[in-house]
Amino acid sequence: HAWQEGFDEFVQYVASPFRHWSLQPNLWICATALIQSRDASKVSAQVGVGEHPEAAPFTRALLRAGRLLVVRNQAVNLFERIWCCWELFKAYEIGLVATPGALMITGPADTNMAPVKIQQALASDPEDKKRIMRHIHQMARDRNGPSIEQINQTLTHIKFFRQEVVFSHSATASDFSD
């Protein structure tokens, strides 16, 4: 999710994949877990990433998650937001993309068929983008981590993951369950 959608729309899309589950899951939702503010210093104080986006609350929560729900919306393309790209790449790194049923996508389909280019992604705070990009470059150098091009390929794969289910209004609960 990327903050710009309406709250009612967001709640509808979050609830949709779990509508027919007999046991409702516990969810950690960054939009409700962190104080929202137009004051960048208040947000930065909560996120507290310094130079390392791996220390962000969303990254730490994701590392403990068994599933990831991607909530698309009509207001913004998630793949044009640096934090969304970072979180999706981390989900790939920890195996959520490859684990059957662990990556769930809800909301309207992404009709932009262009490949993802993380270097063009935006952030509410431009310093966040600089930190994330520096961290990615450092990972590539120091830990033989993925290149920007490898990350772009991975994110493009995720962008089109299960696109046929998202495009179809006939998706059932079994499309999103174990």
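Which residue forms a salt bridge with Asp-128? The partner is Arg-131, and the closest N and O atoms of the pair are 3.1 Å apart. Before going further, a word on what you're looking at: this is a predicted model, where local features need pLDDT of at least 70, side-chain atom pairs count only at pLDDT 80 or more, and totals for chains, interfaces and linings use all residues. Residues are numbered from 1 along each chain as its sequence is written, and side-chain values use heavy atoms, with hydrogens and water left out.

Back to the salt bridge, meaning a side-chain nitrogen of Lys or Arg within 4 Å of a carboxyl oxygen of Asp or Glu. Arg-131 and Asp-128 both sit in helix α6, 3 residues apart, which is about one turn of the helix. (Helices here are DSSP runs of H or I with at least four residues, strands are runs of E with at least two, and both are numbered from the N terminus.) Asp-128 has 14% relative accessibility, so it counts as buried. The scale works like this: buried is under 20% relative accessible area, exposed is over 50%, and partly exposed is in between, using a 1.4 Å probe and protein chains only.

Helix α6 (residues 126-142) has another such pair. Glu-127 and Lys-130 meet through their side chains in a salt bridge, at 3.2 Å from N to O. They are 3 residues apart in α6, so about one helical turn separates them. Glu-127 is partly exposed at 32% relative accessibility, and Lys-130 is partly exposed as well, at 44%.

The structure holds 5 salt bridges. One of them joins the side chains of Lys-90 and Glu-54, at 3.5 Å from N to O. This pair links distant parts of the chain: Lys-90 belongs to helix α5 (residues 82-93), while Glu-54 is in the loop between α3 (40-47) and α4 (57-64), 36 residues apart. Lys-90 is buried, with 5% relative accessibility, whereas Glu-54 is partly exposed at 24%.

Now follow α5 to its helix neighbours. The axes of α5 and α6 come within 10 Å and cross at roughly 30°; axes are lines fitted to C-alpha atoms, for helices over the stretch in contact, and angles run from 0 to 180 degrees between N-to-C directions. The two helices are therefore roughly parallel to each other. For the angle classes, under 35 degrees counts as roughly parallel, over 145 as roughly antiparallel, 65 to 115 as roughly perpendicular, and the rest as oblique.

How do α5 and α7 cross? Their axes also come within 10 Å, but the crossing is at roughly 90°, so α5 and α7 are roughly perpendicular to each other. Here Cys-85, Leu-88, Phe-89 and Tyr-92 in α5 meet Ile-151, Thr-154, Leu-155 and Ile-158 in α7.

What about the nonpolar core, a set of buried Ala, Val, Leu, Ile, Met, Phe, Trp, Tyr and Cys residues joined through side-chain atoms within 4.5 Å? The largest one has 34 residues, of which Leu-68, Ile-82, Ile-118, Ile-136 and Leu-155 touch the most other members. At least two residues come from each of α4, β1 (68-71), α5, β2 (103-106), α6 and α7 (148-159). Helix α5 gives the most, with 8 residues. Leaving aside residues up to four places away in sequence, Ile-118 touches several residues, including Ile-82, Met-133, Ile-136 and Leu-155.

A second, separate core has 8 residues, including Phe-18, Trp-21, Leu-69 and Val-71. Val-14, in helix α1 (residues 7-15), touches Leu-27, Ile-29, Leu-69 and Val-71, again not counting residues up to four places away in sequence. Val-14 is buried, with a relative accessible area of 11%. The C-alpha atoms of Val-14 and Leu-69 are separated by 7.8 Å, although the two are 55 residues apart along the chain.

Finally, look at Asn-73, in the loop between β1 and α5. Asn-73 is buried at 8% relative accessibility. A polar atom of the Asn-73 side chain lies 2.6 Å from the backbone nitrogen of Ala-75, and the Asn-73 side chain also reaches the backbone nitrogen of Val-76, at 2.9 Å.

Methods
Contact = heavy atoms within 4.5 Å. Polar contact = N/O pair within 3.5 Å; in protein donor to acceptor, adjacent residues only side chain to side chain.
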